[in-house]
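Biologist: Could you walk me through reading helix packing and sheets in a model like this one?

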Amino acid sequence: MNNRALALFSGGLDSILAIKVAQRAGADVTALHFINPFVSEVKTEYIKEKAKELGVPLILEPLGDDYLEIILKPKYGYGKAMNPCIDCRAFMLKKAKELLPKYNASFLISGEVLGQRPKSQMRHSMQQTAREAGVEDILVRPLTAKNLPPTLPERLGIIDREKLLDFSGRNRKPQMALARELGIQNYPSPAGGCLLTQVEYGKKLKDLITHGQYDLREIKRLNIGRQFRLSHGAKLIVGRNHEENEALKASAKDRDILMRVQNFKGPLAVLTGNDISYVALKTAARITARYADCPKEQKVSVVFYRANNPKNKEAIEVIPMASEEVSNYRIE
């Protein structure tokens with residue numbers, strides 16, 4: 001066993017401190033960041049910047065379809081929303097373990113703190129995730145290690161257990177004090193992170209699952225714009241600003257239908273699904289017109305085209321949908 005470790009790196013304060021403490025205890029650390037479709041707050045560029053500040057190599061590892069499966073059927077259930085925290089943690093630890101040989105590393109590092117989170121960071125949950133992933137004796141948790149049995153790297157003296165810490169509970173003052181001591185100033189709020197913990201997001205995700213649109217592309221669009229369910233086979237996303245309009249345009253593929261009100265300022269909308277009827281098309285056009293800067297009680301022309309055939313533009317005339325009717329289709 002060598003002193004090289006892969007550290008699960010979210011970019012949050014705990015993961016930053018875990019790397020610093022592990023280095024102080026003798027570990028040669030490489031940061032491992034899983035690109036998670038359900039995490040929007042921490043951007044890849046920020047992760048790269050933080051790893052550079054810490055002076056550690058960085059591995060960016062995207063999560064794929066096998067990860068999506070645990071969201072559908074978590075062995076250990078959900079939290080208050082659609083957050084299978086224990087299953088998710090075990091999955092990432094297992095993936096990290098599989099990467100150890102590739103990077104000639106011997107053990108893992110995590111920023112978990114005993115008792116900090118009510119579901120995933122209680123003692124039994126931490127034991128459960130480590131056992132499920134098969135990493136019980138090679139997972140070092142530098143911030144809370146002295147509250148836990150010594151792991152193999154500690155017992156062998158590869159890292160100095162005396163230089164590890166005994167943080168516990170939900171009070172974050174010790175972490176903040178350590179950050180000041182180490183000169184760490186810029187880090188995200190602990191409130192950010194996983195969208196699965198948000199009840200409203202969970203409703204939109206359940207809609208995808210119910211209507212057979214549960215895939216990475218649709219998941220990435222869940223946090224863009226206003227979302228409407230028009231029928232089992234048709235869904236509409238309406239941009240709220242220029243940035244979202246551009247994101248929707250970039251995401252549109254294949255037979256997605258893009259639409260916009262002609263001659264008036266307004267949003268770009270994307271109609272997606274495997275069974276888009278004329279009724280769904282007209283409903284989508286009326287909703288799109290509702291959010292445009294156009295007269296609300298007379299017909300307007302909505303231009304639309306398929307993403308795979310942008311030159312073949314058509315138009316449909318509709319009266320913008322009234323606000324009270326729009327709410328019948330809103331996913332919330």
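Modeller: We'll take the sheet, then a residue in it, then a helix pair. This is a predicted model, where local features need pLDDT of at least 70, side-chain atom pairs count only at pLDDT 80 or more, and totals for chains, interfaces and linings use all residues. Residues are numbered from 1 along each chain as its sequence is written, and side-chain values use heavy atoms, leaving out hydrogens and water.

Biologist: What is the strand order of the open sheet?

Modeller: Strands of a sheet pair through backbone hydrogen bonds, either parallel or antiparallel. Here 6 strands run in the order β6-β7-β9-β8-β10-β11, with antiparallel pairing; strands are DSSP E runs of at least two residues, helices H or I runs of at least four, numbered from the N terminus, and a pair needs at least two DSSP bridges. The edges are β6 (226-231) and β11 (309-318).

Biologist: Is Ser301 buried or exposed?

Modeller: Buried means under 20% relative accessible area, exposed over 50%, partly exposed in between (1.4 Å probe, protein chains only). Ser301 has 18%, so it is buried. This residue sits in β10 (residues 300-306).

Biologist: At what angle do α1 and α7 pack?

Modeller: Axes are lines fitted to C-alpha atoms, for helices over the stretch in contact, and angles run from 0 to 180 degrees between N-to-C directions. Helix α1 (residues 13-24) and helix α7 (residues 173-182) make about 60°, with axes 11 Å apart. The two are therefore oblique (under 35 degrees is roughly parallel, over 145 roughly antiparallel, 65 to 115 roughly perpendicular, the rest oblique).
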